[in-house]
Amino acid sequence: MSIAWGTQYGKLKTNLRLAANRLKLCQKKKTELAMKARTEIADFLIAQKEDRARIRVESIIREDFLVEAYELLEMYCELLLARFGIIQQMKNLDDGIAEAVISLLWVAPRISHEISEFKTISEQLTLKYGKQFAEAARTNQLAEPAKVNPKLIQKLSVNAPSKLLVEKYLIEIAKCAGIDFKPDHKIMREDDDEVAKAEQNLINFMKEEQIGWSGSVGGPDNKNNSNGPPNFGSGGGGGGSGGGSSISAFQYPPPNHEAPRLPPTSMYPAPNAAHHPSVPSFTPPAPPSYNMV
């Protein structure tokens, strides 16, 4: 029996290609099932079985999240195939493929039961970059920026979707089916409160920015100082709050600013007579006289 030592690049490349194709098929299959499930939910709403419709919507949301995660994993597999030369030539993990490698190592034990190729991919990447690195990647314990994609963690989370998201799904399904559906007002009020809170935070942020600008340039507390730069007033050309003058705000130096003192004349040497001879004075001749007869 032959024992293979080290990374088998051919095996890794083949399984990356197979995994990408399998992910595409799974996305198509789950999307078709989700469309059929939406028809069932519409039937529940028509029969006024809203509780059963909400339970069914939760499963659809999980399937939609799973499809989005599969799209991201398919992109990572194609990225590693496109940059496979980097994996072969470089001993250490390159930054250009770090997120893809770490994310595939993290996701392998979570979806290998459905896509078996990820088990082989995980084994080959472990042989390539070391067992200690692979274990840290599977638990997402690597230091920044070597981390699993947060979006992938969110999409594969086992937590139940929020009630607000469920209501929004029901609203869209009822709208597409032409069903008169009234969502839960208590749940929708939470959405309104969140929107109002976000708007208020934005307004407060803008006010703080305006106060910061007015306090730093031309504010009421920023008075003219004879030893510093001029005060750019906020009055459209006025000289600040304390000036009351028609001088432009961008005039420099400001009013009442002392003129610069020139150095004493003794610092300038007198011109040398040898190098600078005096120019003789010139007297113009007298004009001729004409006797008028």
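The legends below describe close-up views of a predicted model.

Figure 1. Of the 293 residues in the chain, 31% are buried. When contacts between residues at least 6 apart in sequence are considered, 65% of them join residues that are at least 24 apart.

**Figure 2. The crossing of helices α2 and α8.** Two packed helices are described by the angle between their axes and the distance between the axes. Here the axes of helix α2, residues 50–82, and helix α8, residues 163–177, come within 9 Å and cross at roughly 100°. Because angles of 65 to 115 degrees count as roughly perpendicular, α2 is described as roughly perpendicular to α8. On the side of α2, the contact is made by Ala-53, Arg-54, Val-57, Glu-58, Ile-60, Ile-61, Asp-64 and Phe-65, while α8 contributes Leu-165, Val-166, Glu-167, Tyr-169, Leu-170 and Ile-173. Sorted by class, the contact of α2 with α8 has 10 nonpolar and four charged residues, and no polar ones.

**Figure 3. An aromatic pair between Tyr-9 and Phe-84.** A search of the whole structure finds two aromatic pairs, and this view shows the pair formed by Tyr-9 and Phe-84. The centres of the two rings are 6.3 Å apart and the ring planes stand at 90°, and since planes over 60 degrees apart count as edge-to-face, the pair of Tyr-9 and Phe-84 is edge-to-face. Tyr-9 has a relative accessibility of 25% and counts as partly exposed, whereas Phe-84, with a relative accessible area of 4%, is buried.

Figure 4. Gly-6 is placed in the segment that comes before α1, and at 36% relative accessibility it counts as partly exposed. Although Gly-6 and Leu-127 are 121 residues apart along the chain, their C-alpha atoms are separated by 6.0 Å.

Figure 5. Asn-149 is found in the loop between α6 (131–138) and α7 (150–155). Its relative accessibility is 12%, and because under 20% means buried, Asn-149 counts as buried. A polar atom of the Asn-149 side chain lies 3.0 Å from the backbone nitrogen of Lys-151. Leaving aside neighbours within four places in sequence, Asn-149 is in contact with Leu-72, Tyr-76, Glu-99 and Ser-103.

**Figure 6. Glu-99 of helix α4.** Glu-99, which is placed in helix α4, is partly exposed, with a relative accessible area of 38%. Once its neighbours within four places in sequence are left aside, Glu-99 is in contact with Tyr-76, Lys-147 and Asn-149. Computed along the sequence, Glu-99 and Pro-145 are 46 residues apart, and in space their C-alpha atoms are 8.7 Å apart.

**Figure 7. The buried side of helix α6 and the residue that follows.** Within α6, the residues Phe-133, Ala-134, Ala-136, Ala-137 and Arg-138 are buried, and the buried residues of this helix pack against α4 (95–111) and α5 (117–129). Just after α6 comes Asn-140, which takes a positive phi of about 55° although it is not a glycine. The place of Asn-140 is in the loop between α6 and α7.

**Figure 8. Gln-48 in the loop between α1 and α2.** The loop that lies between α1 and α2 contains Gln-48, a residue that has a positive phi of about 60° although it is not a glycine. With a relative accessible area of 72%, and because values over 50% count as exposed, Gln-48 is exposed.

Methods
Residues numbered from 1 in each chain as written. Predicted model: local features only at pLDDT ≥ 70, side-chain atom pairs only at ≥ 80, totals over all residues. Heavy atoms only, no water. Axes fitted to C-alpha atoms, helices over the stretch in contact; angles between N-to-C directions. Helix = DSSP H or I, 4+ residues; strand = E, 2+ residues; numbered from the N terminus. Parallel < 35°, antiparallel > 145°, perpendicular 65-115°, else oblique. Contact = heavy atoms within 4.5 Å. Nonpolar A, V, L, I, M, F, W, Y, C, P; charged D, E, K, R; others polar. Phe/Tyr/Trp six-rings, centres within 6.5 Å; stacked < 30°, edge-to-face > 60°. Buried < 20%, exposed > 50% of the residue type's maximum accessible area, 1.4 Å probe, protein only. Polar contact = N/O pair within 3.5 Å; in protein donor to acceptor, adjacent residues only side chain to side chain.
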